[in-house]
Amino acid sequence: MTARPRVTLADIRAAGRRIAGGVLVSPCPESGALGAMTGARVFCKLDNLQRTGSFKERGARHALLRLGPDQRRLGVIAASAGNHALGLAYHGRLLGIPVTVVMPEYAPLIKLSTCQKLGARVVLHGRDFAEARAEADRLAALDRLAYIHGYDDPAVIAGQGTLGLEILRQVPEVEAIVVPIGGGGLIAGLAVAVKALRPKVRIIGVEAAATASFTAALRAGRPVAIPPRPTLADGLAVFKVGETAFGLARRRVDQVVRVSEDELALAILRFVEYEKTVVEGAAAAPLAALLGGHLPGLMGRKAVLVVSGGNIDPAILSRVIESGLVADGRLSRFTVVISDRPGGLAALTRTIAESGASIKDIAHDRAFSGSNVSAANAVCTVETRDRGHLRSLRRRLTLAGFPLVQSPGPPRPAHA
Ligand SMILES: Cc1ncc(COP(=O)(O)O)c(C=O)c1O
């Protein structure tokens, strides 16, 4: 058996010295609002403020700086459609190192064009990540490029570990650090640094329940592939954690929890509302765990949430905000039966207005409201303050003679 590469505190300190000046020392302010909401003392390590929007710059820059002069001239390659690609492209340009990125054909146009703007050569290849990776390996051999793995390269892991060193400096009394887990590089580097210096600080990993590959690896005792499922936290959608990352993290991570898609959406919304901060799904995972009640042990404790990235597609952000408002009971749609006589609709809108709710949209539906020609359905979209307010609106409507039509739920696909 070959020995797994080691990453030590000394490696991470050296990485910190190497990347100093090239990567932002991101702020780590305390959030009174999130503290009040969760009962913990919450600090947010804002690595979404890095130039390309994520902590991945740390590892990418460090790995590039570790190359010898010949390899710097020849360049590097990676298969990635995400933040690792952006970090490599940006720092490759700053350091004068040619960067090739292989993305699967479905890669979002915005990622492709951003990487190109940052000066990388982008190759679109393959229907999935595995095919893109195979092409990257082929090009690496052909053009003598160094392959830089996004979460399992020791230099990348050491670079990510610098985030842990900064947290200990910025919040010396920290008691727990909550970290998103994708392939495991971030939590591995951070845990090596923090546990070496402050073994009592709890390291808590958070996965998207849809892609819980670290949990699967803990159960199996080694990285295993899990079936792919879509998640809002695309940065965490890794189907098998890295061997090196897992080897470093497994004994240093105190707890791993899983969050649902609804919890992720709500956490993104809370960041926008209370922190005026745009985060992507992966970066919302730590707050999602706290708000979702998965971490009761943090009540009253000083906890740092690693806010790892902010690269969220604006169209997805807008959907997430709306679905977060729905989950919150602040935006809802329901159908009530009204009289189809003059004044029927006016009586309904008056009742809604008296409850303090605000109507966003209302549609009159006669064709599908049954055989009673003196009645019609009104499909209402309304804004309320919270779930309690929504419940009281519904009660008020029923009492005022507007029966609610039970929704049949979303249509089931034919093959279900
Ligand atoms: C924003 C963000 N957060 C967290 C992660 C997870 O990092 P790792 O794969 O090192 O576990 C990623 C990975 O791409 C990411 O882009």
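Which residues does M37 touch, not counting residues up to four places away in sequence? The partners are R270, Y274 and L291, where contact means heavy atoms within 4.5 Å. M37 is found in helix 2, residues 32-38; helices (H or I, at least four residues) and strands (E, at least two) are DSSP runs, numbered from the N terminus. At 32% relative accessibility, M37 counts as partly exposed, because buried means under 20% relative accessible area, exposed over 50%, and partly exposed in between (1.4 Å probe, protein chains only). A separation of 30 Å lies between the C-alpha atoms of M37 and G189, which are 152 residues apart along the chain.

The structure is a predicted model, in which local features need pLDDT of at least 70 and side-chain atom pairs count only at pLDDT 80 or more, while totals for chains, interfaces and linings use all residues. Residues are numbered from 1 along each chain as its sequence is written, and side-chain values use heavy atoms, with hydrogens and water left out.

A view of the whole chain comes next. The chain has 16 helices and 14 strands, and its C-alpha trace spans about 85 × 50 × 40 Å along the principal axes. Of the 416 residues in the chain, 53% are buried. Among contacts between residues at least 6 apart in sequence, 72% join residues at least 24 apart.

Two single residues show how surroundings can be described. V306 has its place in strand 10, residues 302-307, and counts as buried at 0% relative accessibility. Leaving out residues up to four places away in sequence, V306 touches K45, L163, I167, I177, V178, V179, P180, L186, L190, A283 and P286. The C-alpha atoms of V306 and A282 are separated by 10.0 Å, and these residues are 24 apart along the chain. L24, in turn, is found in the loop between helix 1 (9-19) and strand 1 (30-31). With a relative accessible area of 37%, L24 is partly exposed. L24 touches L49, Q50, R58 and E166, again not counting residues up to four places away in sequence. From L24 to L232 the C-alpha to C-alpha distance is 26 Å, and the two are 208 residues apart in sequence.

A search of the whole structure finds one aromatic pair. Its members, F214 and F246, are edge-to-face, with 5.4 Å centre to centre and 70° between the planes. For such pairs, rings of Phe, Tyr and Trp (its six-membered ring) must have centres within 6.5 Å; planes under 30 degrees apart count as stacked, over 60 as edge-to-face and the rest as tilted. F214 lies in helix 10 (residues 213-220) and F246 in helix 11 (residues 243-249), so the pair ties together parts that are 32 residues apart in sequence. Both F214 and F246 are buried. In helix 10, the buried residues are S213, F214, T215, A216 and A217, and they pack against strand 8 (202-208), helix 11 and strand 9 (255-259). After helix 10 comes G221, with a positive phi near 80°. A ring also meets a charge in this model: R133 lies over the face of Y147, at 3.8 Å from the ring centre. A charge sits over a ring if NZ of Lys or CZ of Arg is within 6 Å of the ring centre and within 35 degrees of the ring normal.

Two packed helices are described by the angle between their axes and the distance between the axes. The axes of helix 15 (residues 344-354) and helix 16 (residues 387-399) come within 10 Å and cross at roughly 145°; axes are lines fitted to C-alpha atoms, for helices over the stretch in contact, and angles run from 0 to 180 degrees between N-to-C directions. L348, T351, I352 and E354 in helix 15 meet L393, R396 and L397 in helix 16. By class, this contact has four nonpolar, one polar and two charged residues, where Ala, Val, Leu, Ile, Met, Phe, Trp, Tyr, Cys and Pro count as nonpolar, Asp, Glu, Lys and Arg as charged, and the others, Gly among them, as polar.

Finally, the backbone deserves a look. Most residues other than glycine have a negative phi. In R144, however, phi is positive, near 55°. R144 sits in the loop between helix 7 (129-143) and strand 6 (146-147) and counts as exposed at 57% relative accessibility. K276 also has a positive phi, near 55°. K276 is found in the loop between helix 12 (261-275) and helix 13 (281-291), and is exposed, with a relative accessible area of 68%.
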